[in-house]
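Please read the following report alongside the sequence and the model, to which its residue names and numbers refer.

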Amino acid sequence: MSAVVESQTSKQVKRAGLTALAFLLMVVMCVPGLWVVLSAFRPNGEILAKPPVWVPENPTFDNFRKIFGLGTDQVAIPVGSYFMNSLIIALTSTLIALAIGMAGGYAFARYRFRGKGGIFLGLMLFRAVPGIALSLPVFIIWSKLGIIDTKLGLIIVYVSLNVPFTIWLIDGFFRQIPLSLSEAAQVDGCTRWQAFWKIEFPLARSGIAAAGVFAFLTSWNEFALASQLTRSTTSKTLPVGLLDFTAQFTIDWAGMCAMAVIIIVPALILTFLVQKHLIAGLTFGGVKG
Amino acid sequence: MAEITLEKVVKKYGAVNVVHGIDLTIAHEEFVVLVGPSGCGKSTTLRMIAGLEDISGGIVRIGERVVNDLPPRKRNISMVFQNYALYPHMNVRENLGFGLKIAGEAPDSITKRVDEAADILGLTPLLDRTPAELSGGQRQRVAMGRAIVRRPEVFLFDEPLSNLDAKLRGQMRAEIKKLHQKVRTTVVYVTHDQVEAMTLADRIVVMKDGRIEQVGTPMEVFNHPRSTFVATFIGSPPMNLLPATIDGGAVRLADGTVVPVPERLRAFTRDGQKVTLGIRPDDISPVGHGLSQDGPGAEVGMVAELAEPLGMESLIYTRLAGQEVLAKLYGPRIVQPGEALIFRMALDRAHLFDAETGLSVRAD
C-alpha cells in the first residue's frame, strides 16, 4: 500500500518538476518577445530607463503613428512598402514552394525511380547548409542576372530554401495515405489526376497547410539573405526594414519595436488560424516521414 | 455479357517473373475464386484484370473488349480492397455515391441508387457516419455497397475478409454469397483461405508460383486434386502424403506396410513406380468410427500420439511408415495418447501422385 502511495507521490513530484521546467523554458523564450511588444507602446526614454520599467507607465500608440507617418513626429521609413514587399515575396515563394513540394512529395511517396534515395538525401543535406553561407555566390550570380534588389531574386532564394522542407513534410503525409484509396478512386471512375485532387489532396491537407505555414514564416522572418540581396524600397522586406531605425549615432528602439510588432502579428494570426493543422501536421506527418 | 478471358498473361517486375503466362476463361455471372499461398500471383492477376497493374504480356479481355491498355475507370469493374479503402473524409452516403458522382449521374438518381444499395446491405442507419465510426464488418459492407452501387459488369474482391475475426468472416462469407445470388455479376475473388474458396466459388483456380495449378469446381478440386500441392492446399486439415512404391499391384510404404492400389487408379500405375499415397484425415479412422465402412479399405495398426477432441469428432495424430499421419475419429469416443488402434483407410478415396512430378497418376 505504502509503495503505491510513494510511487504516486514521486510521480506527482516528477510532474511538478517537469511543469516548472516547461514554465521556465517558456519564460526564457517569451520574455524577449514580450519586452518587444511592451516597448512598442512606450516612449524611447522608458525603454532605456535604469532600472528597467517593465509595465509601460503611459501606454501610447505614438510609435505606430510615427512609423506610419501619421503623427507630428515622423520617421521617413516606408513601412507600407516594406509590408507589401514582405507579403508579396512570402506569399509567392510559399505558393511556389508548396506546388513544388506537393509534386515532389507525391513523387517521393508514390513512385519508384532511379536515384530516389540519393535525391532525397541531397535535398535534406541542402537544407542543412546555412543560407548565409551561400549569400556571396548568390549575390554574385544574382547581380550578373540583374535580379539583385528585386522581389523575384528574393522569391527564388526563398523557394529554394523552402522546397526541401515542404517536400519532406508532404512526402511523409502522402506516405500515410494508403495507395489503395487512390486505386479505389480510379476503379470508381477517376483519372489519376482526379483521384489526387478528390481523395489524396484532401487527406494530406493538414500536412500541406503545415508545410505552407512553415514556408511562409521562413520567408516572412528571414533577415540575413534579404539584407544582402535587397536595398531599395521596391524590394526590402520588413525584417530588413528594421535596420532603417539605426542611424550612425542613435537607434530608435521604440520605432523598431513597433515595427517588430507589425512583423509578429500576421505570423501569429496565421499560426493561430492553422494551429490545429500544424500540430496534426507535425506529429502525423513527421513520425514516419 | 461480361466474360473475362486471360490469354498467356504475364507479369514481370524487372527481371522477376511473377505471373508466367496464365490462360483462364471466366464465364458470364460466374463466381471464380483465385486461391493460393502468398506470393503465388493471385492478387497480381486480379490487379491486372482491374487495370491497377500493367500487363507485361498476353491479352486480358472483359466481354468482347481487349482491356490491356484501358485505365481502371474504363473497364466497367468495381473492386473491394483488403483494407476496404473507404474514403476517410466522406461519410457512408458519399462513399457509396462517389463513383456515380464522378460519372456525372444526377443527384436524385445517386440518392436513389445509394438508398437501394444501402437497403440491400443493411447500411441505411449508417449512411451519415464516417468510416472511422464503423466497425470492421460495417466497413466491409460499405466497401461492398460501393462496389454494387455502380452496377458494373465485373466485381473484383481482393482478400476482402482477411481483416475480420473468424466469426464475422463466416457471416460476411455468407453475405457475399447471398449478394452474388441477388446481384448476378461476374465475380473474381482472391483469397488465401481455402474455406472461402470452397464455400464461395462456382470454380476454384488454385495458383502456385505464378502458374495455375488446377481449375475446377470446389468438389472437383477437393476430390480430384491434380497435384500434391493442390491436395495439401485444399481441405483442412491437409491431406496426408506418404512416400511409397508400386509393388506387384500394391502400394508399399517406406516401412514395408502394404496396402492395395485403389481400384480406380490401378490402370494408371506400373510396377516399380515411385509414388506418393495421399489420403485425407477424414478417410483414415479407427475401425467402427469412420465415415463409411463399406467399399475397399485397408486396415493398419497405429499408435495415437495425440488426440484433439472437437466434440462429435476427434483429430488423432499418429505415425505410419515413420511419418506423422492425421486421422479422424467420428463419434464421442475419447482417445488416450499411447493407445494402439486399428485404423481403416478408405482406399476408394485415396490418391496416388507421381513421386517425381507431384502430379496425380490419373491421366485427367
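This is a predicted model: local features need pLDDT of at least 70, side-chain atom pairs count only at pLDDT 80 or more; totals for chains, interfaces and linings use all residues.

Residues are numbered from 1 along each chain as its sequence is written, and chains are lettered from A and ligands numbered from 1 in the order in which they are written.

## Chain B overall

Chain B has eight helices and 21 strands, where helices (H or I, at least four residues) and strands (E, at least two) are DSSP runs numbered from the N terminus. Along the principal axes, the C-alpha atoms of chain B fill a box of roughly 75 × 45 × 35 Å. Of its 364 residues, 43% count as buried; a residue is buried if 20 or more other C-beta atoms, placed from the backbone, lie within 10 Å of its own, exposed if 12 or fewer do, and partly exposed in between. Among contacts in chain B between residues at least 6 apart in sequence, 68% join residues at least 24 apart, a contact being a pair of residues whose C-beta atoms, placed from the backbone, lie within 7 Å.

The chain is divided into two domains, with bounds that come from an automatic or database domain assignment.

| Domain of chain B | Residues |
|---|---|
| Domain 1 | 4–233 |
| Domain 2 | 240–354 |

The C-alpha centres of domain 1 and domain 2 of chain B lie 38 Å apart, and five residues of domain 1 are in contact with five residues of domain 2. On the domain 1 side of this contact there are two nonpolar, three polar and no charged residues; here Ala, Val, Leu, Ile, Met, Phe, Trp, Tyr, Cys and Pro count as nonpolar, Asp, Glu, Lys and Arg as charged, and the others, Gly among them, as polar.

A nonpolar core is a set of buried Ala, Val, Leu, Ile, Met, Phe, Trp, Tyr and Cys residues joined through C-beta atoms within 7 Å. The largest such core has 107 residues, and those with the most contacts inside it are Val33(B), Met79(B), Leu156(B), Val188(B), Val205(B) and Val206(B). Helix α4(B) gives the most to this core, with six residues. A second, separate core of 36 residues includes Val157(A), Ile167(A), Ala210(A) and Phe214(A).

In helix α2 of chain B (residues 92–102), the buried residues are Val92(B), Asn95(B), Leu96(B), Gly97(B), Phe98(B), Gly99(B) and Leu100(B), and the buried residues of α2(B) pack against α3 (107–121) and α4 (136–149) of chain B. Gly104(B), whose phi is positive, near 80 degrees, follows α2(B).

Leu164(B) lies in the loop between β7 (154–158) and α5 (166–182) of chain B and is partly exposed, with 18 other C-beta atoms within 10 Å. Leaving aside neighbours within four places in sequence, Leu164(B) is in contact with Gly136(B), Gly137(B), Gln140(B), Arg169(B) and Met172(B). Leu164(B) and Gln140(B) are 24 residues apart in sequence, and their C-alpha atoms are 8.8 Å apart in space.

## A three-stranded sheet

In chain B, three strands form an open antiparallel sheet in the order β15-β20-β16, where two strands pair if DSSP finds at least two bridges between them. Its edge strands, each pairing on one side only, are β15 (284–286) and β16 (297–303) of chain B. Three bridges join β15(B) to the antiparallel strand β20 (residues 340–346) of chain B, and Ile284(B) stands opposite Met345(B) in β20(B).

## The contact between chains A and B

Between the chains, 15 residues of chain A are in contact with 18 residues of chain B. On the chain A side, α8 (179–187) and α9 (192–203) each supply at least two residues, and α8(A) gives the most, with six residues. By class, this side of chain A has eight nonpolar, five polar and two charged residues.

Seven of the nine residues of α8(A) are buried, so this helix is largely enclosed by the rest of the structure. Its buried residues are Leu181(A), Ser182(A), Glu183(A), Ala184(A), Ala185(A), Gln186(A) and Val187(A). The buried residues of α8(A) pack against α9 of chain A together with α1 (42–50) and β6 (77–80) of chain B. After α8(A) comes Gly189(A), whose phi is positive, near 120 degrees.

Notes. Two residues are in contact if their C-beta atoms, placed from the backbone, lie within 7 Å.
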